[in-house]
2 protein chains.
Amino acid sequence: MTLSPRRIALAVIALWAAIASIGCATTDPLPSWNQTDAKRAILDFVEQAADPLSDGYIAPEERIATFDNDGTLWPERPLIQGLFVLARLEEMAMRDPSLRQRQPFKAALDRDLSYLHEQGEEAILKLVAATHADMSQEEFEAFLPVFFEQANHPTLKAPITSLAYKPMVELLDFLRENGFEVYICSGGGADFVRAISERMYGVDPSNVIGSTLTYAQRDVAGRSMLWRTAELGTFNDKAVKPASIHEHIGKRPAFAAGNVRSGGDIEMLRYSQGRMGPSMQLLINHDDAGREFEYVEDDNASLGQAKQNDWIIVSMQHDWRRIFSEPTTHNTGRDEE
Amino acid sequence: MTLSPRRIALAVIALWAAIASIGCATTDPLPSWNQTDAKRAILDFVEQAADPLSDGYIAPEERIATFDNDGTLWPERPLIQGLFVLARLEEMAMRDPSLRQRQPFKAALDRDLSYLHEQGEEAILKLVAATHADMSQEEFEAFLPVFFEQANHPTLKAPITSLAYKPMVELLDFLRENGFEVYICSGGGADFVRAISERMYGVDPSNVIGSTLTYAQRDVAGRSMLWRTAELGTFNDKAVKPASIHEHIGKRPAFAAGNVRSGGDIEMLRYSQGRMGPSMQLLINHDDAGREFEYVEDDNASLGQAKQNDWIIVSMQHDWRRIFSEPTTHNTGRDEE
């Protein structure tokens with residue numbers, strides 16, 4: 001071990017933080033949440049998890065939290081990765097105008113949603129393959145900062161990178177301050193989410209679990225590269241989420257959060273609840289047409305499971321004092337899918 | 001933020017560590033390594049990686065290290081997961097003696113290696129499925145501590161849990177002390193290695209990447225469980241290792257270590273070397289028949305790549321002062337495969 005200025009600096013910082021925390025003992029860790037049952041339940045659970053004398057104590061290595069992304073940490077109307085597909089297609093069509101005449105690219109570029117709905121999954125996979133695959137990992141990663149630098153939400157009229165839900169960012173911080181290791185477990189592409197996970201959520205890319213393509217190893221000019229093939233690896237949704245959480249972490253999450261839309265998070269929340277010992281599950285309900293969006297599930301499956309299993313249902317309208325860092329309003333007043 | 005005794009305790013510990021490090025400035029972090037070029041190269045690389053003023057500096061979030069397990073962190077003659085398969089089969093045969101008459105179980109129980117070699121991969125997969133699959137994840141995990149509590153190495157005549165290579169455990173600690181995040185990337189089963197990764201290597205189970213079966217979600221008495229199916233998920237070897245490292249971590253390792261035997265680590269080491277910026281690759285050569293084992297590759301591929309690409313070749317005989325925490329000697333003097 002060498003004499004390390006970094007080590008001394010760390011100690012000074014930690015000591016300063018300890019002293020500072022005495023002065024801030026009454027600071028609210030979740031200021032963007034209203035004083036409702038949901039907030040009280042979260043504060044209770046997390047403080048007990050970190051308190052060795054509490055019945056709700058959880059050993060530090062078991063303090064695992066997993067969060068869905070689309071609709072849980074940022075808006076999903078429209079899917080932001082869908083905006084990326086469109087942005088890529090526009091660029092590709094500038095180089096190759098024939099794309100504008102060929103399906104399913106024509107439909108996507110013309111925003112012809114009825115055609116895409118009609119053609120279903122096959123058309124979507126073709127669009128994803130054309131924009132995400134058949135290139136090196138490095139080439140793909142180079143597109144992402146450019147996209148996130150420029151992308152705006154079509155109705156909220158704000159930069160995508162400003163649209164993390166503020167109450168959830170506070171919750172991620174609060175969990176980490178209390179010794180939780182926070183992961184994102186998204187149906188979106190792992191590589192896509194990794195490009196903004198640190199910046200928007202303070203989550204290291206290695207803590208992002210998501211959908212994947214299949215990677216092949218290739219040599220390019222003698223250098224070992226990962227090649228993104230057009231073959232889907234994992235579509236990280238529904239019952240796949242518990243399996244991918246196990247593969248990635250090897251432990252059941254003690255805290256899991258998802259949202260109402262497609263039932264995509266039910267199995268992750270049930271898996272968390274099935275752990276031996278204390279756990280908490282959060283389900284975000286999009287019921288705020290004025291500040292964000294309002295939508296329901298046809299079969300009401302997520303809310304039904306939440307009520308049956310005593311999950312915390314978070315009403316964006318009632319439980320959140322504010323939704324984004326900066327106030328936004330819909331430009332059209334009409335939800336766009 | 002609440003007033004936290006844990007926070008104060010952390011500060012005191014960090015300060016104590018900083019002060020203590022002044023006193024230990026000359027302590028050798030790798031005492032089980034001889035004073036050879038390999039050791040000097042490792043010390044140089046790691047110290048530069050942590051030094052912001054050095055050309056070899058690596059940003060903290062890029063200090064990723066990946067280690068193969070079998071033959072790199074513990075012996076692979078015989079494969080320890082193979083010993084687990086045999087132990088499980090013995091237990092199963094006590095309950096169901098007909099196994100002793102049915103292939104490939106009979107051959108395994110009779111240690112009839114020629115039959116198993118002849119039948120090849122199909123027989124091996126049948127043995128793995130019978131001992132690792134068609135049960136819940138919890139049931140499988142319950143077998144592992146029992147096995148590791150009892151298992152001994154057949155020729156080294158020592159508990160398996162005492163057979164971590166001491167020089168490598170020191171290296172893992174040294175890397176972590178210098179801000180590296182250490183992962184295991186094994187061809188063995190991820191769940192198998194996770195059972196001992198913390199205890200033997202100080203590696204949290206979430207930092208273990210390995211081979212997997214395919215998991216299904218099942219309800220057992222209303223509780224969400226992962227079910228281990230007999231279908232192979234990933235065989236984490238050769239060119240699969242870079243892909244699984246990317247899926248798990250999302251970054252290229254700046255430090256990677258593997259060993260000579262089957263060429264299984266070549267692609268991981270090449271992937272590490274392909275990162276932009278400083279990196280180091282280590283290849284362990286098993287050339288110590290007296291203290292461990294001596295074996296070579298038929299095609300010499302790993303050593304050939306090491307020489308061509310300037311990887312550090314570690315001679316167990318010459319570079320390691322000792323191999324295990326406690327001295328061991330072969331009981332038979334003959335290598336067993």
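In this predicted model, helices and strands are DSSP runs, a helix having at least four residues and a strand at least two, and they are numbered from the N terminus.

**Figure 1. A nonpolar surface patch of chain A includes A:Phe235, a loop residue**. In chain A, A:Phe235 belongs to the loop that runs between β5 and α10 (240-249). Together with A:Leu125 and A:Leu232, A:Phe235 makes up a nonpolar patch on the surface, and the accessible area of the three residues together is about 280 Å².

**Figure 2. Helix α10 of chain A is mostly covered**. Of the ten residues of α10(A), eight are buried, namely A:Lys241, A:Pro242, A:Ala243, A:Ser244, A:Ile245, A:His246, A:His248 and A:Ile249. An α-helix has 3.6 residues a turn, so residues three or four places apart point the same way. Just after the helix α10(A) comes A:Gly250, whose phi is positive at about 80°.

**Figure 3. An open sheet of eight strands lies in chain A**. The strands follow one another in the order β2-β5-β4-β3-β1-β6-β7-β8, and their pairing is mixed. At the edges stand β2 (135-136) and β8 (312-315) of chain A, each of which pairs on one side only. Helix α2 of chain A, residues 37-49, packs on this sheet and touches β6 (255-259), β7 (280-285) and β8 of chain A, with a direction that makes about 150° with that of β7(A). A helix of chain B packs on the sheet as well: α11 of chain B, residues 266-273, touches β4 and β5 of chain A, and its direction makes about 110° with that of β5(A). Within the sheet, strand β3 of chain A, residues 181-189, pairs with β4(A) in the parallel sense over three bridges, and A:Cys185 has A:Ile209 in β4(A) as its bridge partner.

**Figure 4. Strand β6 of chain A is covered on both faces**.

**Figure 5. A:Leu172 is a buried residue of helix α8 in chain A**. The helix that holds A:Leu172 spans residues 166-177 of chain A. The relative accessible area of A:Leu172 is 0%, so this residue counts as buried. Leaving aside neighbours within four places in sequence, A:Leu172 is in contact with A:Phe67, A:Leu73, A:Val182 and A:Tyr201. The C-alpha atom of A:Leu172 is separated by 9.4 Å from that of A:Tyr183, a residue eleven places away along the chain.

**Figure 6. B:Glu170 is a buried residue of helix α8 in chain B**. In chain B, the helix α8 that contains B:Glu170 covers residues 166-177. B:Glu170 has a relative accessible area of 7%, and it is therefore counted as buried. When neighbours within four places in sequence are left aside, the contacts of B:Glu170 are with B:Pro29, B:Leu30, B:Pro31, B:Ser32 and B:Trp33.

**Figure 7. A:Ala221 and B:Arg111 have positive phi values without being glycines**. The phi of A:Ala221 is about 50°, and this residue lies in the loop between β4 (208-220) and β5 (223-234) of chain A. With a relative accessible area of 83%, A:Ala221 is exposed. The phi of B:Arg111 is near 55°, and B:Arg111 is found in the loop between α4 (105-109) and α5 (113-119) of chain B. The relative accessibility of B:Arg111 is 47%, so this residue counts as partly exposed.

Key
Residues numbered from 1 in each chain as written. Chains lettered and ligands numbered in written order. Predicted model: local features only at pLDDT ≥ 70, side-chain atom pairs only at ≥ 80, totals over all residues. Heavy atoms only, no water. Buried < 20%, exposed > 50% of the residue type's maximum accessible area, 1.4 Å probe, protein only. Pairing = 2+ DSSP bridges. Contact = heavy atoms within 4.5 Å. Axes fitted to C-alpha atoms, helices over the stretch in contact; angles between N-to-C directions. Patch = residues over 30% accessible without salt bridge, like charges linked within 9 Å, V, L, I, M, F, W, Y side chains within 5 Å. Areas by Shrake-Rupley, 256 points an atom, 1.4 Å probe, with all protein chains shown as cover. Salt bridge = Lys/Arg side-chain N within 4 Å of Asp/Glu carboxyl O.
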